[in-house]
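Open the structure in your viewer and get ready to click around. We will go from the whole to single residues, one selection at a time.

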There are 2 protein chains.
Amino acid sequence: MESSLWDELQRRMGELRDFGSVVGLLTWDQETFMPKGSAEARAVQLSAMQALIHERLTDPRLGELLEAAAADADETRAAMVRNLARERARAVKVPPRLVRELAETQARAVEAWRAARSERRFALFQPWLERLLELRREQADAIGGGAERYDALLDAHEPGMSVARIEPLFAELERALVPIVATLADGQRPPAWDYAGLRFPADAQWEFTLHLLGEMGFDLERGRQDRSTHPFTDGIHRDDVRLTTRIAEEEPFLAIFSTIHEGGHGLYEQNLPADHARDPIGQAASMGLHESQSRLWENMIGRSLAFWRRQLPALRRFFPAQLEGVEPEAIYAAVNQVRRSPIRTDADEVTYNLHILLRFQLELAMLRGDLRVADLPGAWNERMRRDVGIEPLHDGEGVLQDIHWAWAEFGYFPTYTLGNLYAAILRERIDVDLGGLDRVIEEGSLHAVRDWLVERVHAVGHRWDAEEIVERATGQKLTVAPFLRYLREKYGALYGAAL
Amino acid sequence: MESSLWDELQRRMGELRDFGSVVGLLTWDQETFMPKGSAEARAVQLSAMQALIHERLTDPRLGELLEAAAADADETRAAMVRNLARERARAVKVPPRLVRELAETQARAVEAWRAARSERRFALFQPWLERLLELRREQADAIGGGAERYDALLDAHEPGMSVARIEPLFAELERALVPIVATLADGQRPPAWDYAGLRFPADAQWEFTLHLLGEMGFDLERGRQDRSTHPFTDGIHRDDVRLTTRIAEEEPFLAIFSTIHEGGHGLYEQNLPADHARDPIGQAASMGLHESQSRLWENMIGRSLAFWRRQLPALRRFFPAQLEGVEPEAIYAAVNQVRRSPIRTDADEVTYNLHILLRFQLELAMLRGDLRVADLPGAWNERMRRDVGIEPLHDGEGVLQDIHWAWAEFGYFPTYTLGNLYAAILRERIDVDLGGLDRVIEEGSLHAVRDWLVERVHAVGHRWDAEEIVERATGQKLTVAPFLRYLREKYGALYGAAL
């Protein structure tokens, strides 16, 4: 490709990333420091920026440049062009009328969902969900490209992934998990630290979370942590990564695991390839891979016995009275309790995936036309009873519990489980490469884990799609076996059960 | 004008304001919470947004729409069109090459200025200042429109103002101020509270500044206050106005007067006309009028005896030990000490204007070609000796003390003095309309002052230029008499001097 044309393309790529960073800051501020009286003004600013990005992405000149560059033999350039061309195709193929209608319907659907949830009546939300599904079907058909409609939606969050690939994997996972959950939830619980009635002052919790970020190797010169109601990570730029955590004085593990979880996301964002900070390689490869980072840190490291052997003395310095006489084993047991709960966000790491599989299968059936929206609550409750072994008392703690569908997010839920699967594959390889992950954790060498992840995952950026990144890093294809091995080993030992 | 064309114009106006808001947030964040490692990324984001705004402003289609709308008879629309057409003309007339060169030269000139100031050697900065002047001359000539070159620069900060208008006013002010300063600086000082050696904990200072913002009627639901090294106000949107203050534990008045000053700016921003939040009427009319608000609040209200009669009990609740036995009169004397200082930002409200007049006259002479840059330090020191009665020990506390010229800001300094002049005119009228300003202050009815300013100044927005706004609000044209009356009355009484 002619170098002046490539320069123009690269300039446009850079500008798109800059505008994306700006949206990142607007969003972060909205959830943290923005005065509440400016909510309406902020919505207008965000929509002006999003319209701008759409304008630039659908500019015919960008299409010409991408086409001209498609012939470029250079592998790195080809990856940039592939990523941006995919994003552009999604923007170009969907008529502006549909984009507007989706945005407007979503905004009103969220209101309807809130009312429905607070009244615990699915019927109030039903017509909105029907309309959102119709619009998403139309959008998916406009985008096309996959073997079936759902693929176009999944691809937005997990590029390169398909229903054909995950449906059998998820079915296999479900068959294995149901009996494991039944055994653990009904079995004898190991003795756990009981901290009911104790109080953990917020300032000390805050300091401990900063200590944890330091242990993980999160760079507070190129990022920060604040507090928000719903913890999140906002990668404004690889040098400007913002985490939030949530502190409750009676529940110390809320802040601890929120920080570790978001810290895992944050490490990924901070260590994306510096050379590609302003082009389409310098971003996370998928939501599933992103989630693999947060879950590997939160569950596989943060909820390990080795971790608490190492970190309990540090935590004790902040809360000496509350932790008097408490052993690491008691903390380990406390943070790994398997319980049947109707609520996804309360779920332990074993049952969690059953909540996801249920949502995936139901949304897939709705998009395929195999399940009517009117029949959704019944299907939900039946599946909950069958798989998790508990039935919601009402729609508020059942089908209405998550905001995702009110946001018209179909194809997002599977990335949570993909994250767990990827994490387990990565974990097995780290264990081998570092000569024992638990030993490394107990020695307090978490930076070695971070360095491994940086080299094999983070610094790759979006040069390849997620599954290929994991395969190149570990030699393993995506399967459910490593995750099941991890669960059976950990929970078998902790619960003294044969899984 | 055809309604579809007007709609398009209004849409473009709105978008420009939205992008301006985004720049506001990026800037605020840069000075408050941004991790220091992301300075470079932020500079790139800001420059992408500024290039975007320039692109939209110079879009030929906008020119056509403005031309078509110029014929519109509606007074409100005419004001919008006039403001935006002025802004567009400034953008269109300057070649992109010059914009780039100015930006690059400024960036490097600031570095040179920092080095020169730290080494106290003007010679290091001299070639940069020469180059900046050349570029600004070229820019001013490209913009044109005024009776002389300086007008085009002044107009950027004070639309509608001209050298022909302010030069005689400033000369008159100088003649009056020099003897007043001499009398006060050499005279007997009234007995003042001496707080040397006392410590004022930062948390309590912070709480007191929030109390003051409440007293002033600043709406913390539509704005916030944070801390920064250099206090500033950022009106991201009228519903999102962000102030900063600076706290020093040994100098309580730093935070107090920073907050009142920025609070004055903030009230203006919060009370711009709501109906025009996204068009060119909904913004401050000029920097001078903006400064009139901060200075009216800081000096004319915050440094009044009435204010301390009212606020001392509140301050005492935060610092009972430090303020034991202290009377309002002693605070009043402490915050109104007239002293000869070579430093503008340390100056009291009487000498302050002499620092500004000196800068205005020197930069005007340089732009006219009447003063060579090489002769600037000599001219500076001579004027300081003659007017303020003190000579800088070196260039660091002389000609190199301000960053403005390194930013290539010529035509900005006069707005500080214009602010004082406008403030005094407004103050006289408020005094009449509210039946005694001091009484209102002492009764704690600062909201009445705010309401007057909202109605007569803030809510007018940029419907007219600053001088016209002040004239419509007060019936007075811009003169120096009210400001001189204010100073003579206040300091004559406080110092027991005939001024």
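What follows is a short tour, with something to select at each stop.

**Before you start**

This is a predicted model, in which local features need pLDDT of at least 70 and side-chain atom pairs count only at pLDDT 80 or more, while totals for chains, interfaces and linings use all residues. Residues are numbered from 1 along each chain as its sequence is written, and chains are lettered from A and ligands numbered from 1 in the order in which they are written.

**Stop 1: chain A as a whole**

You are looking at 20 helices and three strands; helices (H or I, at least four residues) and strands (E, at least two) are DSSP runs, numbered from the N terminus. The radius of gyration of chain A is 23 Å, close to the 23 Å that the globule rule gives for 499 residues, so chain A is as compact as a globular protein of that length. That radius is taken over C-alpha atoms, and the rule is 2.2 Å times the number of residues to the power 0.38. Along the principal axes, the C-alpha atoms of chain A fill a box of roughly 70 × 50 × 50 Å.

How much of chain A is buried? Buried residues make up 44% of its 499 residues. A residue is buried if 20 or more other C-beta atoms lie within 10 Å of its own, exposed if 12 or fewer, and partly exposed in between, with C-beta atoms placed from the backbone.

**Stop 2: two domains**

Colour residues 3–149 of chain A as domain 1 and residues 150–499 as domain 2; these bounds come from an automatic or database domain assignment. The C-alpha centres of the two domains lie 26 Å apart. Across the boundary, 43 residues of domain 1 are in contact with 41 residues of domain 2, where contact requires C-beta atoms, placed from the backbone, to lie within 7 Å.

Now pick out the domain 1 side of this boundary. Helix 1 (3–31), helix 4 (75–93), helix 5 (96–119) and helix 6 (126–143) of chain A each give two or more residues to it. Helix 1 of chain A gives the most, with ten residues. By class, this side has 19 nonpolar, twelve polar and twelve charged residues. Here Ala, Val, Leu, Ile, Met, Phe, Trp, Tyr, Cys and Pro count as nonpolar, Asp, Glu, Lys and Arg as charged, and the others, Gly among them, as polar.

**Stop 3**

The core draws at least three residues from each of domain 1 and domain 2 of chain A.

Zoom in on A:V181. Leaving aside neighbours within four places in sequence, A:V181 is in contact with A:V338, A:V350, A:T351, A:L354 and A:V388.

**Stop 4: where the chains meet**

Bring chain B into view.

Chain B can be laid on chain A with an RMSD of 0.0 Å by a turn of 180° and a shift of 0.0 Å along the axis. The two copies are thus related as by a two-fold rotation axis. The superposition is by least squares on the C-alpha atoms of residues with pLDDT of at least 70 in both. Select B:V22: of the residues of chain B, B:V22 comes closest to the axis, at 3.8 Å (C-alpha).

**Stop 5**

Go to B:A68, in helix 3 (residues 60–70) of chain B. Is B:A68 buried or partly exposed? With 16 C-beta neighbours inside 10 Å, B:A68 counts as partly exposed. Not counting residues up to four places away in sequence, B:A68 touches B:M1 and B:L5.

Finish at A:A408, in the loop between helix 15 (376–388) and helix 16 (414–433) of chain A. A:A408 is buried, with 22 other C-beta atoms within 10 Å. Phi of A:A408 is near 65°, a positive value in a residue other than glycine. Most residues other than glycine have a negative phi.

Technical notes:
Contact = placed C-beta atoms within 7 Å.
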